[in-house]
Amino acid sequence: MTLSSPTPLSLIDAAALWDVTPGFLDSCSYGPPPRPAWEAMQKSLDEWRAGAGSWRPWAESVDESRDLFAQLMGIPAEQVVTGAAVSQLLAPVAAAVPDGATVLVPEIEFTSGVFPFAVHEDRGVRVRTAPLAALADAMDAETFLVSVSAVQSATGEVADIAAISERARHTDSVIHVDATQAAGWLPLDAMDVDFLSAHAYKWLCAPRGSSFLTMHPQLSARHPEFAARLRPLAAGWYAGAAGAYYGMPLRLAADARAYDISPAWHSWVGTAPALEVIRAVGVAAIHEHDLALANRFRAGVGLPASNSAIVSVALPIDAADRMRAAGIRFTVMDGRVRVACHLYTTQADVDAALAAIRG
Ligand SMILES: Cc1ncc(COP(=O)(O)O)c(C=O)c1O
């Protein structure tokens, strides 16, 4: 497969690019890589080990990944920041929230979308919580910013981004969506929200350490005072205009790249081919496949069908023990078994888990 080729890839052909040992239902924790990503990364590690050449091709993977993520999210690449973690990318966003402002988050939101705001408590920034299902209703004129995962890490619940965005038009709130548990299987449009972040190591099947943040092109028009306070707080040589290696004056990139941090090269070498596979298959096909398998699992444990690739279910401890003994990889969150189905998951994986549960 040529990685730069826009050739579509069937889900079956794509799944054959994975070397996952059967029984992996833990894509919420991390996503194993397709072979092109693994091989590209190993090659770059060999080059590093041997001092075989320049780092520049490794760094080019950052812009390839940025372009691919932009395509996946329907936003121009100039509006995409690259970084190492969601929490790190949110730090400048949180610093631009005014003193005394209220930030609204779902009750069990993953902390990387909460703590960047909560650390500003000393200047009066207040983080308020509401149940996910009632988040849009909980937004009021005091809600400066809403930070919400498109898909909840703990439960797999899918947020109603359309309702939250619609409400934001009335409350004038800034919207941040964390797509870490969604990007790669759930159709998303970064143009629907002010900021969309994602760490790529789960459903985008990249190594840990490559993350994205989109910034809506109309941010300054929509929220002028907030946008004027945004600062690229970790600016270094990589945030600079081309060749900004030494000394003053400050010369930042003219686009979202000003917010980039210097890349962890080898992570990005593994990220670009993984994104290319996801893009070539298409999120719509992956969505259909992941939901069919997740709903097969749900039916098997007596749950109604849902709209999520993540299933959270209370099972007796011995059922979870039997799953482990059968070699099923999954997580337990708050005493509930959490399983996840992605493009490399097979019916056999799901059926093996169900057989173990039945004992
Ligand atoms: C919803 C969500 N966001 C973000 C992360 C990772 O956060 P960070 O990139 O800050 O490590 C996770 C990891 O489990 C997650 O589930």
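**Notes on the predicted model**

1. A quick reminder before the details: this is a predicted model.

2. Which elements build the side of domain 1 that touches domain 2? Helix 11 (283–300), strand 8 (310–313) and strand 10 (336–340) each supply at least two residues to it. Helix 11 gives the most, with five residues. By residue class, that side of domain 1 divides into twelve nonpolar, seven polar and two charged residues.

3. For orientation, the domain assignment of the chain gives domain 1 as 11–30 + 283–358 and domain 2 as 56–276. Domain 1 is therefore written as two segments, because the assignment lists it that way. The C-alpha centres of the two domains lie 28 Å apart.

4. How many residues of each domain take part in the contact? The count is 21 residues of domain 1 in contact with 17 residues of domain 2. Together the two domains bury about 1500 Å² between them, and 63% of that area is on carbon and sulfur atoms. V283, I310 and H342 deserve a look on your screen: they supply 31% of the area that domain 1 buries against domain 2, more than any other three residues.

5. Now the chain as a whole. Its secondary structure comes to 13 helices and ten strands. The C-alpha atoms fill a box of roughly 65 × 55 × 35 Å, taken along the principal axes. Why does the radius of gyration agree with that of a compact globule? A compact globule of 359 residues would have a value near 21 Å, and the chain has 21 Å, so the two agree.

6. Side chains of opposite charge can pair when their charged atoms come close. One of these pairs is E47 with K43, where the closest N and O atoms are 2.9 Å apart. Both residues lie in helix 2 (residues 35–50), and they are four residues apart, about one turn of the helix.

7. A few backbone details are worth checking by eye. Most residues other than glycine have a negative phi, and most peptide bonds are trans. Against that background, a cis peptide bond joins M248 and P249, with omega at about 0°. Where does P249 sit? P249 is found in the loop between helix 9 (224–229) and helix 10 (265–281).

8. Two residues have a positive phi although neither is a glycine: D172 at about 65° and C205 at about 60°. D172 lies in the loop between helix 7 (161–171) and strand 5 (174–178). C205 lies in the loop between strand 6 (195–199) and strand 7 (211–215).

Notes: Residues are numbered from 1 along each chain as its sequence is written. This is a predicted model: local features need pLDDT of at least 70, side-chain atom pairs count only at pLDDT 80 or more; totals for chains, interfaces and linings use all residues. Side-chain values use heavy atoms; hydrogens and water are left out. Contact means heavy atoms within 4.5 Å. Buried area is the accessible area (1.4 Å probe) that two parts lose on being put together, summed over both. Ala, Val, Leu, Ile, Met, Phe, Trp, Tyr, Cys and Pro count as nonpolar, Asp, Glu, Lys and Arg as charged, and the others, Gly among them, as polar. The radius of gyration is taken over C-alpha atoms; the globule rule is 2.2 Å times the number of residues to the power 0.38. A salt bridge is a side-chain nitrogen of Lys or Arg within 4 Å of a carboxyl oxygen of Asp or Glu.
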